[in-house]
Amino acid sequence: MVKSVVPWSSCLDWLLKTSLHRTGTGSSILSALQDLFSVTWLNRSKVEKQLQVISVLQWVLSFLVLGVACSAILMYAFCTDCWLIAVLYFTWLVFDWNTPKKGGRRSQWVRNWAVWRYFRDYFPIQLVKTHNLLTSRNYIFGYHPHGIMGLGAFCNFSTEATEVSKKFPGIRPYLATLAGNFRMPVLREYLMSGGICPVNRDTIDYLLSKNGSGNAIIIVVGGAAESLSSMPGKNAVTLRNRKGFVKLALRHGADLVPIYSFGENEVYKQVIFEEGSWGRWVQKKFQKYIGFAPCIFHGRGLFSSDTWGLVPYSKPITTVVGEPITIPKLEHPTQQDIDLYHAMYMEALVKLFDQHKTKFGLPETEVLEVN
C-alpha cells in the first residue's frame with residue numbers, strides 16, 4: 001500500500017480556505033503560518049554569503065583587537081584563581097621569544113582551514129602566476145599596494161586558499177609584518193601558524209642565510225605611509241625612497257619579485273587628511289614612534305552592505321606575481337649598486353601594472369603613480 005505525501009503548503013491552503021467564513025484571528029494566523037512555511041530557511045547561497053562575511057570579520061577583529069584583548073585577559077588572570085595558567089604561559093613566552101625571528105611555527109593545518117576559502121570567496125581573491133620560480137634560489141617579494149590591511153597579501157601568502165604552494169611548488173612564503181604584533185600573547189601564535197614573521201633585519205637575515213633555499217619573504221614595501229593614501233580608484237605606491245629591501249636582496253643574493261594586487265585599495269573607504277592638517281600630523285607621529293599609522297576607515301556592516309562597519313566591501317582582489325629579477329650576491333653593496341637594482345625593480349613593477357591593468361577593469365590610460 002502506497003501512502004501519499006501531502007505538502008505542508010497544500011494543507012495550509014485547505015485550512016485557510018475552510019476558515020474564510022469565520023471571523024476573528026484564525027484566518028490571519030493560518031495566513032502567517034503559510035508565509036512562514038513558504039520561506040526557504042536554508043538558502044544555500046545566503047548561508048554561504050553569511051559564512052564568508054563572518055570569516056572576513058573574524059580576521060579583521062583578530063588583526064585589530066586580538067592581541068590587546070588577550071593581553072588584558074592574561075593580566076586579569078593574574079588576579080584570579082587562574083593565575084597559574086597566566087604564569088605558565090608567560091614563562092613559556094620568555095623561552096619562546098625568539099621563535100618568530102627564526103621563521104615561526106608554520107602549521108599546514110591552519111593554513112588549510114576551510115574558513116580561508118570562505119574568506120577568499122567573499123571578495124573574491126585570486127592569485128595569478130606569470131613565471132616559474134626556482135627552488136634553488138631565495139626571493140624577496142615586494143607587495144604593492146598596502147591598502148588598509150593588506151588583505152590580498154594575507155589570503156594569498158598566509159593561507160592555502162589560493163593554492164600558493166601548488167602554483168609555486170617548493171617555495172615557502174613568509175609574509176613579513178610589524179614586529180610589535182609578535183609581542184602580543186596568543187596573537188603571535190595565530191600569526192606564526194600562517195607563516196607570518198616580523199619584518200626586521202634579524203628575521204630576514206636568518207631566513208635568507210640559515211633556512212636553506214626556496215624561501216620567499218613577502219614585504220609590503222609601502223608600509224604605513226602607503227596605507228595613508230589608500231582609497232578606492234587610486235593606484236599609487238610608496239617606493240621611490242624605499243631601498244632597504246633592495247640592499248637586503250643584494251647582501252643575500254635573493255631575487256626580487258614585484259607583485260601588484262589589483263583591487264586592494266577598493267575594499268575600504270578612508271578619511272584622507274591633507275598634508276599639514278592636524279590629522280595627518282597625528283598619523284605621522286604614530287608612524288614614526290610606534291610603527292603604524294592609525295587610519296580612519298570604514299567598510300560595510302555585518303548584516304547590510306548599506307550600513308557602515310568593519311567588514312570590507314566585496315570587491316575583487318587579483319594579485320599578480322611578476323617576473324623575478326636576478327640579483328647578484330654582494331656582501332657590501334655600494335649605493336650605486338642599490339640604486340641600479342632599485343631602478344630595475346621600479347621599472348619591472350610599472351611594466352607589470354601596465355601589462356595587466358586592462359584585464360582587471362582599469363582603462364588603458366591608467367598610470368601607476370610611484371611616490
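**Cysteines and rings**

Reply: Start with C155, which has 0% relative accessibility and therefore counts as buried. C197 is also at 0%, so C197 counts as buried. Keep in mind that this is a predicted model.

Me: How many disulfides are there?

Reply: A disulfide is a covalent bond between the sulfur atoms of two cysteines. Here the count is 0 disulfides.

Me: How is a pair of aromatic rings described?

Reply: By the distance of the centres and the angle of the planes. This model has 22 aromatic pairs. Take W59 and Y190: their ring centres are 6.3 Å apart and their planes stand at 65°, so the pair is edge-to-face. W59 belongs to helix α3 (residues 44–77) and Y190 to helix α9 (residues 187–193), so the pair ties together parts 131 residues apart in sequence.

Me: Is W59 buried or exposed?

Reply: W59 counts as buried, at 6% relative accessibility. Y190 is buried too, with a relative accessible area of 19%; the cut-off is under 20%.

Me: Which residues do ring pairs link into a cluster?

Reply: The cluster holds W59, F63, W109, W113, W116, F119, Y122, F123, F154 and Y190.

Me: Which charged end sits over the ring of Y174?

Reply: That of R106, 4.5 Å from the ring centre. Likewise, K129 lies over the face of F168, 5.5 Å from the ring centre.

Conventions:
Residues are numbered from 1 along each chain as its sequence is written. This is a predicted model: local features need pLDDT of at least 70, side-chain atom pairs count only at pLDDT 80 or more; totals for chains, interfaces and linings use all residues. Side-chain values use heavy atoms; hydrogens and water are left out. A disulfide is a pair of cysteine sulfur atoms within 2.5 Å. Buried means under 20% relative accessible area, exposed over 50%, partly exposed in between (1.4 Å probe, protein chains only). Rings of Phe, Tyr and Trp (its six-membered ring) pair if their centres lie within 6.5 Å; planes under 30 degrees apart count as stacked, over 60 as edge-to-face and the rest as tilted. Helices (H or I, at least four residues) and strands (E, at least two) are DSSP runs, numbered from the N terminus. A charge sits over a ring if NZ of Lys or CZ of Arg is within 6 Å of the ring centre and within 35 degrees of the ring normal.
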